Amino acid sequence: MKEHWDNRYSSKEYAYGEAPNEYFKEQLLQLEPGKILLPSEGEGRNAVFAAKIGWEVTAFDISKVGKAKAEALAQKQGVSIDYHLAEFSKISFEEGSFDAIGIVFAHFPPHLQATYYKTLSTYLKKGGALIAEVFSKNQLTYQAANEYAGGPKNIDMLFSTEEVVQLFPDLEFVTLEEKEVALHEGIYHDGTSSVIRVLGKKK
């Protein structure tokens, strides 16, 4: 997977654009800035936006190319982010370290999902916010119509709202909806897609 993402991020252009995900941006602007964690952050577009509006940002990813581009984008925007090059299983933070966690199209192998998301939830403070936009299981239909719609092609890596509830039992959901949206995020998220949007607060 490292090679896949290094290759995806290898061009001069940003694979998913330099602007933050719109849902992430919209939700983060409604919160008081604090400490935020962004797993699988890739080229850094969401991390850099969060830093620009006053958040203390920690991010990680397995791609060294993504990390380099994220740090270049941060320098270009005049902000600082703490970006770790690491696999999920090798990263560790203290429980309750973060006021918010942003999961933006971070899809993991099915056998690791429950462990990874449970771990992320432990990093969130009580009352902290989880903001997520991920592809739904219906995204396969959109992929068939448009190769640039985005998302994994393995249905078990995609989500239903019921699965989100099961994966995050310690969240109170403010928003949990499946929605058809028009994505215009660089080369690889371009077109109509089916997503699940989440805003949850740690119980």
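Leu31 sits in the loop between helix 2, residues 22–28, and strand 1, residues 35–39. Keep in mind that this is a predicted model. Setting aside neighbours within four places in sequence, Leu31 is in contact with Trp55, Ala129 and Ile131. Of these, take Ala129: 98 residues separate Leu31 from Ala129 along the sequence, and their C-alpha atoms are 8.5 Å apart.

Next, Lys67. This residue belongs to helix 4, which covers residues 64–77. Lys67 has 19% relative accessibility and therefore counts as buried; the cut-off is again under 20%. Which side chain does the Lys67 side chain meet in a polar contact? That of Glu71, at 2.7 Å. Beyond four places in sequence, Lys67 touches Gly42, Tyr83, His84 and Leu85.

Staying with helix 4, I turn to its packing against helix 3. Two packed helices are described by the angle between their axes and by the distance between the axes. Here the axes of helix 3, residues 45–52, and helix 4 come within 9 Å and cross at roughly 30 degrees. Angles under 35 degrees count as roughly parallel, and helix 3 and helix 4 are therefore described that way. The crossing of helix 3 past helix 4 is right-handed.

Which residues make the contact? From helix 3, Arg45, Val48 and Lys52; from helix 4, Ala70, Leu73, Ala74 and Gln77. By type, the residues of this contact are four nonpolar, one polar and two charged.

Terms used. Residues numbered from 1 in each chain as written. Predicted model: local features only at pLDDT ≥ 70, side-chain atom pairs only at ≥ 80, totals over all residues. Heavy atoms only, no water. Helix = DSSP H or I, 4+ residues; strand = E, 2+ residues; numbered from the N terminus. Buried < 20%, exposed > 50% of the residue type's maximum accessible area, 1.4 Å probe, protein only. Polar contact = N/O pair within 3.5 Å; in protein donor to acceptor, adjacent residues only side chain to side chain. Contact = heavy atoms within 4.5 Å. Axes fitted to C-alpha atoms, helices over the stretch in contact; angles between N-to-C directions. Parallel < 35°, antiparallel > 145°, perpendicular 65-115°, else oblique. Left-handed = near helix turned anticlockwise from the far one by under 90°. Nonpolar A, V, L, I, M, F, W, Y, C, P; charged D, E, K, R; others polar.
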